[in-house]
Amino acid sequence: MDIKVLQNIKEENIPKIIGVYCDTDSEIYTEKVNVLKEKKRFNGKFGEIYHVDNEEELFFIGLGEKEKITSEKGREISAKIVKELAKYKIEKANYYVFCKCNKIVRAMIDGLYLGNYKFDKYKTSDKEEFIIQEINLVIDKDLEEWISNEGISLAKSTIIARNLVNEPANVIYPESLANRVKELGEEHGFEVEVLGEKEIKELGMESYMSVARGSDNPPRFIIMRYMGDEDNKDDILGLVGKGLTYDSGGYSIKPTPGMVSMKSDMGGAAAVIGAMCSIAHMKLKRNVITVVAACENMISGNAYKPGDIINSMGGKTIEILNTDAEGRLTLIDAVYYIINKEKATKVVDIATLTGAVLVALGTTRTAVVSNNDDFYTSLEKASDKADEKVWRLPGDEDYKKLIKSDIADIKNLGGKYAGSITAGLFIGEFVGDTPWLHMDIAGTGWTDAPKKAYDHKGGTGVAVKTLYYLAKEEENVE
Ligand code: BES
Ligand code: MG
Ligand code: ZN
């Protein structure tokens, strides 16, 4: 599906979608809408759809009260309308919103793409073959063109992330993930370097290798570089995504129901890869380096075991109490690397890290642990622009004590309680004073029960937009 954003009304003999407020006159088809409102057939209430199939095919969609329109509502209604078009097998339509707000326009574009999203490539029957070809979104003539390009890029990158998560683990494993990232780098304009097992070992990443070595699929350390502000090397944003292409739990094995969806354990990687695509495509004036320590957590004669004591690139020793707490072990070497070898001056790690985060915050908000108030404030602003909610968890000394080990420096399990905090703080042990944010998307990265029209069962593509805006924010462009 192609979305074209137009600032002028293109009169064509194709179906038209007209956004209507409940408390304001419609900008076009005013009389028709007023008659419908008088007859109480259509009131412009948020979410309402009225279909007229005469000589001219029209869809009136309710936007609710004009003062109360939000980007989130724009996203939802657009996803709804795209589903309606598919129902009527409409290939092309003009969508008139006359919207004057950047944030809402981007969200509407997002809703159109995400509402149309399917992951049915493996179906050989019962497959919906119909494809919407083109939607012309008519916006206010005062809005600048790059806004729509940004909206389109972010929606497409969110779909890239969803697809990466939804692909099964027999298709996306470390090597194939690295190859996909190379293609994306060429398409979007960022550099990709991939390290193999030998180089990973040479860098001293014993913690990451302990997780990786149980699998027959070897690890790949994927580095993405986009230097949009070469003169300003003192500012490098480092993004680190958890890239467990499969998490069986290892010897602390997961029960089957918990294991089936563990192809999604690279949701953090998907988010940073998607964000890089838009950061590079939109040519942000910012230096951003991203790494993914991709591997599988499996069982074999060579796998690591509960009770092992291992080392890490940062030099701290770790007592392994549970092989299913593996994500943090891959992430510590990745954050240590990005700070010390790539010279990142700020770091964000993002991971499907703990089941405990679902208990704490459900599927609505991403949990955050941070060592820096200002950096967290930047994240809050970015998450607001993206309509992706975050919530900060505490991280004080009392919690840090929970990961001290009796026989090594730290242990990879903090005990029964505060699991999302101790997991985050474990990673925090390796960032030193570098401003750092840890985002746990175990609750928000995947959905079994879509709640919104733009949701889709499986990977959500969460945080692509937030990370993009975080990179952009400090660039000082509205
Ligand atoms: N990948 C899981 C976390 C997860 C759980 C993601 C549910 C998505 C949905 C992680 O590696 C894990 O297994 N965490 C353990 C940690 C525990 C052993 C301390 C967990 O949450 O049970
Ligand atoms: Mg695990
Ligand atoms: Zn995991």
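**Entry 1: ligand 1.** I started with the contacts of ligand 1, and found one of its nitrogen atoms 2.9 Å from an N or O atom in the side chain of aspartate 265. I reminded myself that this is a predicted model.

How much of ligand 1 does the protein bury? I looked up the area: ligand 1 taken alone exposes 510 Å², and the protein buries 77% of that.

Next I went back to single contacts. An oxygen atom of ligand 1 lies 2.9 Å from a polar side-chain atom of aspartate 247. At leucine 353 the backbone takes part: a polar backbone atom there is 3.4 Å from a nitrogen atom of ligand 1.

Then I listed the surroundings. There are 15 residues around ligand 1, and those that come nearest are Lys254, Asp265, Asp324, Glu326 and Gly355. Sorted by class, I noted 7 charged, 4 polar and 4 nonpolar residues in this shell.

**Entry 2: the magnesium ion.** Which residues coordinate the magnesium ion (ligand 2)? I found Asp247 (OD), Asp324 (O), Asp324 (OD) and Glu326 (OE), at 2.0 to 2.2 Å. Asp324 and Glu326 were already on my list of residues that come nearest to ligand 1.

Along the chain, the donors of this magnesium ion follow the spacing D-x76-D-x1-E.

Why is the arrangement around the magnesium ion (ligand 2) irregular? I checked the angles: the 6 donor atoms subtend 70 to 166 degrees, so the arrangement is irregular. For six donors to count as octahedral, opposite ones must be over 155 degrees apart and all others between 65 and 115.

I also looked for a neighbouring metal. The zinc ion (ligand 3) and the magnesium ion (ligand 2) are 3.2 Å apart, with aspartate 247 coordinating both.

Glutamate 326 is buried, with a relative accessible area of 1%.

**Entry 3: the cysteines.** How many disulfides does the whole structure hold? My search found 0.

I wanted the reason, and a disulfide needs two cysteine sulfur atoms within 2.5 Å. For cysteine 22, the closest cysteine sulfur is in cysteine 99, 16 Å away, so the pair is too far for a bond. For cysteine 99, the closest is in cysteine 101, and 5.6 Å is also too far for a bond.

Last, I compared accessibility. Cysteine 22 counts as partly exposed at 31%, whereas cysteine 99 counts as buried at 7%.

Methods: Residues are numbered from 1 along each chain as its sequence is written. Chains are lettered from A and ligands numbered from 1 in the order in which they are written. This is a predicted model: local features need pLDDT of at least 70, side-chain atom pairs count only at pLDDT 80 or more; totals for chains, interfaces and linings use all residues. Side-chain values use heavy atoms; hydrogens and water are left out. Buried means under 20% relative accessible area, exposed over 50%, partly exposed in between (1.4 Å probe, protein chains only). Donors are N, O and S atoms within 2.8 Å of the metal (3.2 Å for Na, K and Ca); water is not among the atoms, so sites may look incomplete. Four donors count as tetrahedral if all angles lie between 85 and 135 degrees; four count as square planar and six as octahedral if opposite donors are over 155 degrees apart and all others between 65 and 115; anything else is irregular. A residue is near a molecule or strand if one of its heavy atoms lies within 4 Å of it. A polar contact is a pair of N or O atoms within 3.5 Å; within protein, one must be able to donate a hydrogen and the other to accept it, and residues adjacent in sequence count only if both atoms are side-chain atoms. Accessible areas come from the Shrake-Rupley method with a 1.4 Å probe; for residues, only the protein chains shown count as cover. Ala, Val, Leu, Ile, Met, Phe, Trp, Tyr, Cys and Pro count as nonpolar, Asp, Glu, Lys and Arg as charged, and the others, Gly among them, as polar.
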